[in-house]
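Terms are given with their cut-offs where they first come up.

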Amino acid sequence: MAVTDQDVAAIHHMLAHQMAQGAARAPVSPEKSMRAVYDVVTSKEGAAAWMAFADGKFVGTMGIVQTDFWYADDGFLYDKWLYVLPEYENCGALSELLKEAQAAADVAGMELIITILNKSRRRGARREHVAMLYSYQPAGNVYAFNPKGS
């Protein structure tokens with residue numbers, strides 16, 4: 001589990017680099033994104049973050065937060081971020097991150113909802129593969145509607 005200021009900096013650096021490579025849907029605010037990572041990593045309740053390592057190298061991270069369903073009093077956990085370096089996607093890092101998050105959800109007695117986004121894969125193939133491997137139930141799709149002219 002990530003807990004230190006060094007963890008915050010390493011996670012933010014990894015995620016900011018990913019956003020700079022074209023994953024961001026809007027311009028990245030360094031201050032806001034750092035605060036968001038810090039808040040998840042240092043939260044005492046309702047949030048947690050993990051770091052995955054392979055051969056001593058930091059290769060992935062996941063942060064989860066708690067919120068409520070808009071239509072019910074029940075809460076759930078969802079990923080604030082989930083990222084594994086592409087060259088380490090098949091080394092078990094994703095599996096370990098998901099296991100940690102699912103264990104946290106089990107302890108909290110809450111559902112865990114994750115989003116799998118990967119532009120470089122065939123449409124839906126990775127999402128369906130991950131869902132099957134980890135016994136997740138697909139709960140829909142994520143669509144981004146861009147304003148005209150963008």
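Two strands count as paired if DSSP finds at least two bridges between them, and helices (H or I, at least four residues) and strands (E, at least two) are DSSP runs numbered from the N terminus. The model is predicted, so that local features need pLDDT of at least 70 and side-chain atom pairs count only at pLDDT 80 or more, while totals for chains, interfaces and linings use all residues. Residues are numbered from 1 along each chain as its sequence is written, and side-chain values use heavy atoms, with hydrogens and water left out.

**Sheet and helix**

- Strands β2 (residues 57-68) and β3 (residues 75-84) run antiparallel and are joined by nine bridges, with Gly 63 standing opposite Trp 81 in β3.
- The open sheet has four strands in the order β1-β2-β3-β4, and its pairing is mixed.
- Because β1 (47-54) and β4 (111-113) stand at the edges with a single partner strand each, one side of each is left without a neighbour in the sheet.
- Helix α1 (residues 5-23) packs on the sheet and touches β1, β2 and β3, where contact means heavy atoms within 4.5 Å.

**Second largest pocket**

- A pocket is an open set of points on a 1 Å grid over the protein atoms alone, where a 1.4 Å probe fits, with protein on both sides within 12 Å along at least five of seven lines; lining residues have an atom within 4 Å of a point.
- Of the 15 residues that line the second largest pocket, Glu 45, Gly 46, Ala 47, Ala 48 and Ala 104 are the closest to its centre.
- Helix α3 gives the most to this lining, with three residues.

Technical notes
Axes are lines fitted to C-alpha atoms, for helices over the stretch in contact, and angles run from 0 to 180 degrees between N-to-C directions.
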